[in-house]
Every structure is written in C-alpha cells, then in structure tokens.
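Thanks for coming, everyone. I'll take you through one structure today. Have a look at it first, then I'll talk.

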Amino acid sequence: MKTFRCPSRHGYAAEISPFLPSRLACAASQHYGIAGCGTLLVLDQDEGGIKLIRSFDWNDGLFDVTWSENNEHVLVTGAGDGSVQVWDTANPRGPLQVLKEHTQEWDLERPQSLCTFRGHEGVVYSTVWSPHVTSCFASASGDGTLRVWDVKMGVSRLVIPAHNAEILSCDWCKYDQNVLVTGAVDCGLRVWDLRSTRQPVAELLGHSYAIRRLKFSPFHRTLLASCSYDFTVRIWDFSRPEPLLETLEHHTEFVCGLDFNLHIPNQVVDCAWDETVKVYIPASLADLQPCAD
Amino acid sequence: MTLFTFRIQGCVPGAVQAVKVQLDPSQANVLKMHRLRVVSGHLSPQNRLGPYSHAQIARSECSASLPVAADDIVVVHGLRTAIGKAKRGSFKDTTPDELLSAVMSAVLRDVGLSPDKLGDVCVGNVLQPGAGALMVRVAQFLSGFPDSVPIYTVNRMCSSGLQALFNVAGGIRNGSYDLGLACGVESMSLRSVGNPGDVSSRLMDNAKARDCLIPMGITSENVAERFGISREKQDAFALSSQQKASKAQERGVFQQEITPLTTRFVDEDGKERTIVVSKDDGIRPGTTVEGLAKLKPAFKPDGSTTAGNSSQVSDGAAAVLLGRRSMVEALNLPVMGVLRACAVVGVPPDLMGIGPAYAIPAALRKSGLSVADVDVFEINEAFASQAAYCVEKLGIPMEKVNPNGGAIALGHPLGCTGARQVVTLLNELKRRGKRAYGVVSMCIGTGMGAAAVFEYPGN
C-alpha cells in the first residue's frame, strides 16, 4: 500500500485519471471541511510511493473532484461556497474557470448553465453519468431517493425511494446499464435494477456507520467498493450469498473518497479525514482475473 | 478572532471529535454550524431524513483538537528505572540521586539532546528533606549536566511526578523555555513516611486538618466501607494487577521503557557487590485469590485492606522530556505524545482515594473528550479499594485500566509514580500503533486527585 500524507488537509474525494493510470487527484479541506480553505492535490504514483505534482488552493473547502474525459490536464472540483472550479494541471496560477451557482449544469464551452434539474427535496449528495447511455445520469439525495434523469427531459425519468435515510452516494454498474448501487446513512448499500424498482436486487450490510462513497469495479460485473464513517473500506460481490469479501481498516478517521483505477486492474485509491491518501490493491481482488462480461 | 471548538457527539470512539475552528465575529457562523449539522446528521443514530435530525453539536473550549499546533506541549521521550521493593529489593542500597541521574542521562542520550538545551528540570519527590532540593542538584551533576541548567523539586505527595510534568508544561506555555525535563524519584528504602512536620496543636480542633493525619491505609478502609468495596472485590482487583504485570514482564513489554542501572547491593552477610537492575522486582506471578484471601488486614483489625491489595512501598525514578512542538520539530526530535489537558482537584482528606473519580472527569472535560474516547487509563493503584471504586464510578471498562498492571504489582515509589505512569502509558499506546488518547491519574494523600490527558499521534 502506498500512502500520501497531506498535513492539515482532510480528504473528501479522490479520483484516478482516465488517461494516465499513475495520476490521481484528491480534493481536500482544512479543518475537516467545517471551515477554512481547500486544496486540490494532483499526485503521481510509482513503485516507490506517491508524490505531489501540483497543488491548487481555494479559499473554501473542496469536497469533490473529477477528471475531464476529453482533456488529460483538466479537472473539476466542487467547493463549499457553492462554486465549481475548472483546473488545468499545466497551469499553476489558478483555476481556468470558476462557475458559481451549484444548482445548475455547465458546459465548459459556455459559461452559463445548460439546464437545471428540479425534483429532489433534499441535499443532492452525488450525481453520476451513466457509462452506457449518453444523456442519462443518476443522483443520490438526502430526501432518501435515487433519481435517474435524462438530459433531454427536465424531470426525473425514475424516482426510487431507495432508503429511509439520506443517500450519500450512488454509482452505475459498468457492465449492466440497468444496475446501480446506493449507499446511505442507514449503513446499508442497496443494489437496484431499474427494470424492477420495487425492491433492491441485493442489500449489503456490514458497515457500522453511514456510507460516504461507493464505486462499482471497472473490471468485474458484480464487484464494488464502499467507504464509510466507520473508518473502513469494504469490498463486496453482490452475486454471492455472503457478499462482504474484505474489510480494510487502514484509516484512523472518516473515509470519504474512493475510486478504482481504469487501467490497473483492481487498484483502488481512497482518502480520509486522517490526512492520508492511500493507493492499494485489496487482497480479495488481487487474485481475481478481470472478466470480460 | 474567537476560537471555538465544536465537538461532534456520538462519533465512533477514536474519531477526532473536536474540531477547532477560528471564527471571525463578523463572519456568519451559520455556514459552519450548517456543515457540522450535516456531518452530525450522518452520524446520528436515528438516521432521520434531512440534515437537521437529532444532531447534538456542543460548542466548548476544547484542547484535544487539531493534531498539530506549533504551541502544543509534546512529550519527546521518557524512561524509567526498574522499580525495586523498598528495604529488600534491588535498590535498597541505592541513593535517590543515582536513580534520578540514570534516567535523566538516559532520556537525553537516547534522543541525542545536549542538556544545555534544557530550560529547567523539575523533579517530584516526597520523602527527602526539603523534597530533595539539594539531592536533585547533586543528581544533575552526576549526570554531567552543566551548572547553567536549573533544577528544582515539587511535592504534591503521590502526584509529584505528574505535577513535575504539569510544572514543566506550564513553564513552556508561559514562554519561559522551550524544552524541559520532568522527573520523579523516591527511595522508600532510605526514607519513610511518617513525620508530619511541624503542625499547630490547633489542628486537633479542626476536623479536616485532623483528617490529614489519617494513615493512608485507614483512608482505604474508609473508601471500602463508605462505597461498599468488598474484600473479595479488592483481592480480585489486586490479582488482576499482578497477572497483567506478570504477563507484561514475561512478554518483555517493559524493556522499551526501563533503563538498566548499575548499582551497589549489600547482601545479608554484609558483602557489597555490583548489580545491574533492569527488571521490576515487586511482581508476584504466583499470586492467587486464595493466597490473597489468607492475608490479614494491615491497618484495621476487621478491615479489608491488606498488604496484598495495597500498593507496594518501592524505590524508583522516571524522566520525561517535554517541549514546545515548534522547537521539538526544529531540532528534529520525535514526538511521542501530546499533553492535551491537566487537572488537579481537592477531595475530603479522609476519603483521599476517590481523587481520580473527580480529577479524571475534570481533565476529560477540558480536553473535550469522554471516557469512550480514551483507550488506556493509567490509574494509580494506591489501594485496590480506591482504584476499583474510581473505575466503577466513572464507568471505565476494566480492559482499559492499567493493561500492564499497576502499583499493587509494580510498586509505588511516591515521587516517581506520576512520571512512571506517563512513560508506561505512552509506550503502551505506541505499541498499539494507532492514534489514541490516554489518561494518567492518581489519588493524593491529604485529599486530592490529579489527572492528565495525553494523545498518542499514531505511527
């Protein structure tokens, strides 16, 4: 396992570049994100460890990060002041653009929002584009619902009352366009099939505190990872009767960020409030062969 | 700029629960409170919808907050001698300056710090004349410290070793110096408890003053009777201490914290030889409940306090190097622990053993922590009666208390104990590896209690 320490910065999100398997980004905040500033860390990993390539500061906490999929130098972060920043790793001076008004979707070519999607009755914690259907995305909310949206329509295509608690994260299965997973404050993960939303396909229990983030594996149809306020990262296979494969307890604070590497099979990055970013291959995945399903 | 600390209650044990936030009075607090409520809502057991569920956010002055602040008082390193049984054990012929000199030298040698960097040295001692003020200066020179380094002693009875640490921390905090050595030493082989000094005859007309003369063993009986701590419970506690200490000694747990000492020893035929002492000699691995039950009460004919469920009379020394974090880091010295809170409280002299039951909550309050947040408690076992009472009163799970045994098995060299407990505590947390909090506490003869909260930063 490789660890990067970022003193006085508490990680909220981590993502590995879709272009460069060794490149990763972490959105981190001062004072646990409650107050103070934020830092975007651009890191690089090799056999020796993880090193800092560049860091960008913002005057509020940074809570999420994602890499552009059409430009290997571009990243986007979400900040506590409601703004979205577009960064270029080749440009150390500051963000390329700052877009403020967090209720709206942006096209980087145009500085105004393209569309606003209303419907949720609580905080929207997470939104994820479908990897299969170009105009489709899902959202997880504090109102307990998972919603699926089509960009061409202004309203949700599907509303699933997925949990009786705030849903903090959701993700699409990379191999089945109808399958999603949600993770909530009730400590449970639920796998959903959009074709029959009355009950979940699987319920994954094991975490002892709210789930902060989850991701489906890019290499296995039924494998996913979750991280939680209970300090652990867990690996699940929802096709098994005993779905919990592994519990990783290498953090000493809330684990908020999680991502899989698209190029290095089964490699995971995570970040936590304990001022560390870790990159590793979970033992339960190390022996698996990637399946082309 | 006002400094507030928010404590998110109901968190998992061990989580950093206190967040120190600097708030500009002109800034709206609304934003910070909102974010805290959102996170708090995620942790609330009710798991109701919406961020404003039954989240309890308490705002308090709190010192156990951000892991790193330049002004933190940190423990750099600490060591102790082995503890020897008074009058019969390893150090019966060793003067206290030798014990003290050994630990002072060893601590500085281990970290490669030259003694001229010390701003002051404070040594806890109880029984030496003048609390050992001259003796410690001799010890300093035996260690080769330059005369430019000052030294003094402090006597708050059984807490003296911890009080020395409080004093050095205070000196650092008030800007008098950046680095100091806090020590404790006692030879109960060479000096005994007993002389109350010169006190007025008016003492007899003053109930509280009179109570200060009550022998410690009788205060133990008072606690046992008042709070219903049976002989069986006391013996069980004592057995546990012996077993834990035995196991720890067997596993070599104490090797890390004991500095071997070469000293003179006069055996029964009057022959003097030189021995190397590196093991506590008071531990009795063969202790059994039956064996303890056979012992006669030591202080009162029909009492429950015996030699087996009381602390031993012992010899020993310990030293702890403290510093302001900014200076410690500038000198590339390690950080073994961080002092997070201190408390000293007064309790009735006739029940002096209840001291920790009041001092521990006071220290925890100052640090913004609760019993659940602390992984290890080093509570001095002056008597099993009072130690068991305090543990029960505070609801501390027994597995958190003195995991490597306490004074019943190891011994209680009065002035040394407080410093010794700090060394044992931090070494135990270091062995466990993860970031954690620990507490050191003891009762104090004449009716007081002291406690300190330490943080181990994690490997």
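This is a predicted model: local features need pLDDT of at least 70, side-chain atom pairs count only at pLDDT 80 or more; totals for chains, interfaces and linings use all residues.

I'll start with chain A and its strands, then go to chain B and its helices.

Chain A, then. It has one helix and 26 strands. It runs to 293 residues, and 59% of them count as buried. Take the contacts in chain A with a separation of 6 or more: 42% of those come from residues 24 or more positions apart.

Now the sheets. In general, strands of a sheet pair through backbone hydrogen bonds, either parallel or antiparallel.

Look at the open sheet with the order E1-E26-E25-E24 in chain A. It has four strands, and the pairing is antiparallel. Which strands are at its edges? Strand E1, residues 2–5, and strand E24, residues 255–260, and each pairs on one side only. On average, neighbouring strands here are turned by 15° against each other, ignoring direction. Zoom in on E1(A). Four bridges tie it to strand E26, residues 276–280, and the two run antiparallel. As a landmark, A:Phe4 stands opposite A:Val277 in E26(A).

Next sheet. Again four strands, open and antiparallel, in the order E12-E13-E14-E15 of chain A. Strand E12 (124–129) and strand E15 (156–160) have a single partner strand each, so one side of each is left without a neighbour in the sheet. Inside it, strand E14, residues 146–150, is joined to E15(A) by four bridges, running antiparallel. A:Leu146 has A:Ile160 in E15(A) as its bridge partner.

One more strand in chain A: E8, residues 83–88. Is it mostly covered or mostly open? Mostly covered, with six of its six residues buried. Both faces are covered. On one side you have A:Ser83, A:Gln85 and A:Trp87. On the other you have A:Val84, A:Val86 and A:Asp88.

E8(A) has bridges to E7(A) and to E9(A). Strand E7, residues 74–79, is joined to E8(A) by five bridges, antiparallel. There, A:Thr77 is partnered with A:Gln85. E7(A) and E8(A) form a hairpin with three residues between the strands, and A:Gly82 in that hairpin takes a positive phi near 90°. Strand E9, residues 97–100, is joined to E8(A) by four bridges, also running antiparallel. In E9(A), A:Val98 stands opposite A:Gln85.

Over to chain B. Start with helix H4, residues 160–173. H4(B) is mostly covered, with 11 of its 14 residues buried. Among the buried ones are B:Leu162, B:Leu165, B:Phe166 and B:Ile172. After the helix comes B:Gly175, with a positive phi near 80°.

What does H4(B) pack on? Helix H13 of chain B, residues 417–432, at an angle of about 75°, with the axes 4 Å apart. That makes H4(B) roughly perpendicular to H13(B). B:Gly161, B:Leu162 and B:Leu165 of H4(B) meet B:Gly418, B:Ala419 and B:Val422 of H13(B). The residues of this contact divide into four nonpolar, two polar and no charged.

Last stop: helix H10 of chain B, residues 355–367. It has 13 residues and reaches 19 Å from first C-alpha to last, close to the 18 Å expected at 1.5 Å a residue. Its buried residues include B:Pro356, B:Ala359, B:Ile360, B:Ala363 and B:Leu364. The buried residues of H10(B) pack against strands E12, E13, E14 and E15 and helix H11 of chain B. B:Gly368 follows the helix, with a positive phi near 75°.

Finish on B:Ile360, in H10 of chain B. At 1% relative accessibility, B:Ile360 counts as buried. Beyond its neighbours within four places in sequence, its contacts are B:Phe377, B:Ile379, B:Leu394, B:Val439, B:Ser441 and B:Ala451. Take B:Val439: it is 79 residues from B:Ile360 in sequence, and 7.7 Å away in space, C-alpha to C-alpha.

Terms used
Residues are numbered from 1 along each chain as its sequence is written. Chains are lettered from A and ligands numbered from 1 in the order in which they are written. Side-chain values use heavy atoms; hydrogens and water are left out. Two strands pair if DSSP finds at least two bridges between them. Buried means under 20% relative accessible area, exposed over 50%, partly exposed in between (1.4 Å probe, protein chains only). Axes are lines fitted to C-alpha atoms, for helices over the stretch in contact, and angles run from 0 to 180 degrees between N-to-C directions. Angles under 35 degrees count as roughly parallel, over 145 as roughly antiparallel, 65 to 115 as roughly perpendicular and the rest as oblique. Contact means heavy atoms within 4.5 Å. Ala, Val, Leu, Ile, Met, Phe, Trp, Tyr, Cys and Pro count as nonpolar, Asp, Glu, Lys and Arg as charged, and the others, Gly among them, as polar. The expected span of a helix is 1.5 Å times one less than its number of residues.
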